[in-house]
Amino acid sequence: MTTAVAAARAILTSLHEVMASRAGAQAKLNQVVEVIGESLDSEVCSIYLLREGMLELFATRGLEQSAVHVTRLAVGEGLVGTIADNIETLNLAEAATHPDFAFRPETGEEKFHSFAGVPIVRRERAVGVLSVQHLDPRRYEEVEIEALQTVAMVLSELIANAELIDEEDALGPLPLQTGPERLHGLTLVKGLAAGVAVFHQPRVTIEHVMAEDIEAERQRVYLAFDKMRDQIDRMANQAEFGVGGEHEEVLETYKMFAYDEGWSRRINEAIDSGLTAEAAIERVQQRTRMRMRQIDDPLLADRMHDLEDLSNRLLRIVSGQLGTAATLGLKGDAILIARNLGPAELLEYDRRRLKGVILEEGSLTAHVVIVARAMGVPVLGRARGLRAVIREGDELLLDAEQGVVDVRPTPMLIEAFENRSARNRERQAAYAAMRDLEPVSRDGKRITVMMNAGLRDDAAMVAVTGADGIGLFRTEFQFLVSATLPARERQTRLYRDVLDTAGDKPVIFRTVDIGGDKILPYLRHDEDLLDEENPAMGWRALRVALEREGLMKAQARALIEAAAGRTLNVMFPMVTEPWEFDAARAMFETQVAFLKARKKQLPESIRFGAMLEVPALAESLDELAPRISFLSVGTNDLTQFLFAADRANPKLAERYDWLGASILRFLRRVVRTVGPHGIDLTVCGEMGGRRLEALALIGIGFTRLSITPAAVGPIKELVRKVDTAEIAQAMEQWLASPPADLRAELKAWAAARDIDCD
């Protein structure tokens, strides 16, 4: 038995006697602080409970007894208020140095230095705080903090049973909402959807915390784990997305969590300390939530969300409270509401009636987002205050393109939404009808319109959209959704599937671009990837691959084997100087020689290219151009480097304009430098997918664009309306003598020729 388990068990054994006594609630609390103080050798132990909206000192050992029921703190006030507000643990060697420290003279606490506190949680909200203090400055040991957290769960039950808090006040009942409201969020999966609000999951309330029979509780957990794993296996086998897909790797990672022995061991340790099966699961889950609040890395946070999803599932099974909106069945068109959602839980829903999802949390890299995209379900994330505004059954209009949801919309809003949905369907139908039409301008210029991809299923969009191929396949997506480094064989299968799906149309594979804001979970131990002051310009992309040769060599071999008998197009990201391209190409050629010596079938040809994202490379294009078959301009990174403006910083979002003279002049110079060498020059990035920006790019000489699949139809339609010679002449004049607002000039030029660029 670990030290933490033994300490918690010793305290719980003493508390069990306290709880079983006939003493009143106040007397029990007085005994609790004495037990904890003595067990942790702490001069002070205090319990604050939420009453009438304030945190009131209910019991203490070590502080002035006259302060009991007198000292009160607002939620968010002082250290105690901060713990309750953030539902987080504090562990301070010197309490007074914390910025939220608030001194209460009536308590006599000025002589105590160290402080540790944990929230007392009920139904995911803090209803009180348990704290300890010590005369000497010291941080409490992890074993002591874990013991406090376990005791806090027991106190939650005692408090609820003794009705020491006003439950309605503590848990914040929802005010009656009747009028229309609008919530804003982050678009995770684009789309429009209408339906009634359905809350994903009723919260399981744990009624009994302390175990009577530890072995019986352990058996309940074992049986629940078996049932949960069976459910996950069945869902993974029944998921209907067609053959292959990145979502399959998501589910495999999800299954890995379900079978994780470390997770089950932590729950068993919590049972050993004296908790019931439900309380043990909740105890481990609370710790997971607290860790999530401390994680800045979105990828690791997403993995923690997956684990919490499984914890919720396990808790429902062991408690017998299995009802969710999915198991009860959707009665009609529904918009699902959840704090967060795991991929397996999303798969439980009837895809015919699930029209959209709104999350209080969520991120672009979350597993559930990848699965929702494969299902074609629009998702809005980070919509704060959902439960304060939305009621079960409310009518919702979800616009996951503009990032808003209208709650209880007025008839006028409904009519406008329906009209927009109809126009959207008509527009999509018109673009779909252009699938087989070539993007040829009015003066006969053929513009190559390719698409960007990163998931196995994305490749199918080549046929759906009529794109000329895949101009950018982001291979790092496979690495980002995997719990471990993808094996070479798995990489080979993905690349081969993409090539098979694309058929005779070209696919350009960009080698793995990690680092910066794309840290792989299994490389978190790598100090070179951590704590960079400016990660966008740090150790990332090709810089990582050249130093970590094993990563590049494995990918090179996978790509070469996947393209056997075909043309392989390989592009290296973030090339800054020509020698980097040479070094990366040499790695591939070494692998070609290796496979050739072993009589393996090789690609018919290999075309090598580079991404122009670093402005410095533009000064070496005359040297690099003879060595490459193609060059792709990554406008997203290029623009932020050119303007020294971080594209992830919202304060700098308006600091630059893709239709500013400086960026367009830079790109025109690239066109003119590369032109005489006869290599393919493509714009890859969001800039090329915007109609007005695409018009400008065509005007300065670009004839190849690689854009999102959704933008292929609109850009093909634009090209067929443009006279390239005419726009080239206009752009030449504007860039020679830039107007005050080039964007406005270009928009007016397009409007005069009946070219819609909105």
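## Cavities

The model holds 5 cavities of 30 Å³ or more. A cavity is a set of points, on a 1 Å grid over the protein atoms alone, where a 1.4 Å probe fits but cannot get out; a volume is the space filled by probe spheres set on the points, which are joined across faces, edges and corners. This is a predicted model, in which local features need pLDDT of at least 70, side-chain atom pairs count only at pLDDT 80 or more, and totals for chains, interfaces and linings use all residues. Residues are numbered from 1 along each chain as its sequence is written, and side-chain values use heavy atoms, with hydrogens and water left out.

## The second largest cavity

The second largest cavity has a volume of about 150 Å³. Its lining (residues with an atom within 4 Å of a point) comprises 17 residues, and Y48, V80, A102, E109 and F115 lie nearest its centre. Two or more lining residues come from each of β1 (44-51), α3 (78-86) and β6 (125-134); α3 gives the most, with 3 residues. Helices (H or I, at least four residues) and strands (E, at least two) are DSSP runs numbered from the N terminus.

## Helix α27

Helix α27 (residues 724-736) has 13 residues and reaches 18 Å from its first C-alpha to its last.

Notes
On a 1 Å grid over the protein atoms alone, a cavity is a set of points where a 1.4 Å probe fits but cannot get out, and a pocket is an open set with protein on both sides within 12 Å along at least five of seven lines; lining residues have an atom within 4 Å of a point. The expected span of a helix is 1.5 Å times one less than its number of residues.
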